[in-house]
Amino acid sequence: MLRVHSYESMGTHDGPGLRLVVFVQGCRFNCLYCANPDTISTTGGKNTSIEEIVAMAKSQKAFFGKKGGVTISGGEPTLQAAELIKLFKALKAEGINTCLDTNGNNMNEEVRELLEYTDIVLLDVKHMNPEQHKYITGRSNDNTFKFADYLKEKNIKTWLRYVLVPGLSDQEEALIALGEHFKDFNNIERLEILPYHTLGKHKYEVLNKPYKLENVPSNTEEQLERAQNMLKPYFKYVQVN
Ligand code: SF4
């Protein structure tokens, strides 16, 4: 059984092509800008059988085309790696592309096995500076870097993702550090800059949780373009998602 928060059909923002995106429950980070704060608790969501999700994916297979498939996002999927191994094995048996969206904080035997059945990893890097990372997420970025090293070692196709928050993660030195750190990772196919948005803000009110980025504005086009231009020299492809 997988603890599922929600689904998105025909998703176009989480991996290649058209995708069924499954948002799972539970995360050990507590990002200030988390757009799905209701996925953080491990107790929410609904227990769902692997068979049910595979059937859902099969029913949408015609729309996936050559590139699309299933993305598991969250929350943090690796917390449920044991169940996801079963799901990804079943999806691969159906010829369906698998994509794992992760913060890279958890690595263990099960996660290593899960990665054997993962076509693309979307690795979310929150900040390069350890203190800033801790401020944003509540946790260290050490594990994320080790996770990235493992993906490089195993040559697992990876898309790096970076949320650009004005004043919080868009410092020039942070972007340059991101580029310098990952420039020789040949497994990284692209860097996606994710614009900061406040779409999840209303959920904080519902959860009675303070929204700490109250006064942070969305990115301007110029800020996004500046970051993109700054990062282009380091990666094969840089996209604002
Ligand atoms: S890692 Fe993702 S799901 Fe977890 S708190 Fe951060 S933004 Fe939310």
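**Entry 1: strand 7**

I began with strand 7 and found both of its faces covered, with Thr 158, Leu 160, Tyr 162 and Leu 164 buried on one side and Trp 159, Arg 161 and Val 163 buried on the other. I noted the rule: a residue is buried if 20 or more other C-beta atoms lie within 10 Å of its own, exposed if 12 or fewer, and partly exposed in between, with C-beta atoms placed from the backbone. Strands (E, at least two residues) and helices (H or I, at least four) are DSSP runs, numbered from the N terminus.

I kept in mind that this is a predicted model, in which local features need pLDDT of at least 70 and side-chain atom pairs count only at pLDDT 80 or more, while totals for chains, interfaces and linings use all residues. Residues are numbered from 1 along each chain as its sequence is written.

I then looked up the partners of strand 7, where two strands pair if DSSP finds at least two bridges between them. Strand 6 (residues 120-124) pairs with strand 7 in the parallel sense over four bridges, and Asp 124 stands opposite Arg 161 in strand 7. Strand 8 (residues 188-195) also runs parallel to strand 7, joined by seven bridges, and Arg 190 in strand 8 is the bridge partner of Trp 159.

I traced an open sheet of nine strands with mixed pairing, in the order 3-1-2-4-5-6-7-8-9. Strand 3 (46-48) and strand 9 (238-240) stand at the edges with a single partner strand each, so one side of each has no neighbour in the sheet. Neighbouring strands are turned by 30° against each other on average, direction ignored.

**Entry 2: helices 1 and 2**

I wrote down that the axes of helix 1 (residues 50-64) and helix 2 (residues 81-93) come within 10 Å and cross at roughly 35°; axes are lines fitted to C-alpha atoms, for helices over the stretch in contact, and angles run from 0 to 180 degrees between N-to-C directions. The residues making this contact are Ile 50, Ile 53, Val 54 and Ala 57 of helix 1, and Glu 83, Lys 86, Leu 87, Ala 90 and Leu 91 of helix 2. Two residues are in contact if their C-beta atoms, placed from the backbone, lie within 7 Å.

Helix 2 also lies across strand 1, strand 4 (69-73) and strand 5 (97-102), and runs at about 150° to strand 5.

**Entry 3: two single residues**

Leaving aside neighbours within four places in sequence, Ala 57 is in contact with Leu 20, Val 70, Leu 91 and Ile 96. Ala 57 and Leu 20 are 37 residues apart in sequence and 6.8 Å apart in space, C-alpha to C-alpha.

Asn 241 counts as partly exposed, because it has 15 C-beta neighbours inside 10 Å. Not counting residues up to four places away in sequence, Asn 241 touches His 13, Glu 192, Ile 193 and Leu 194.
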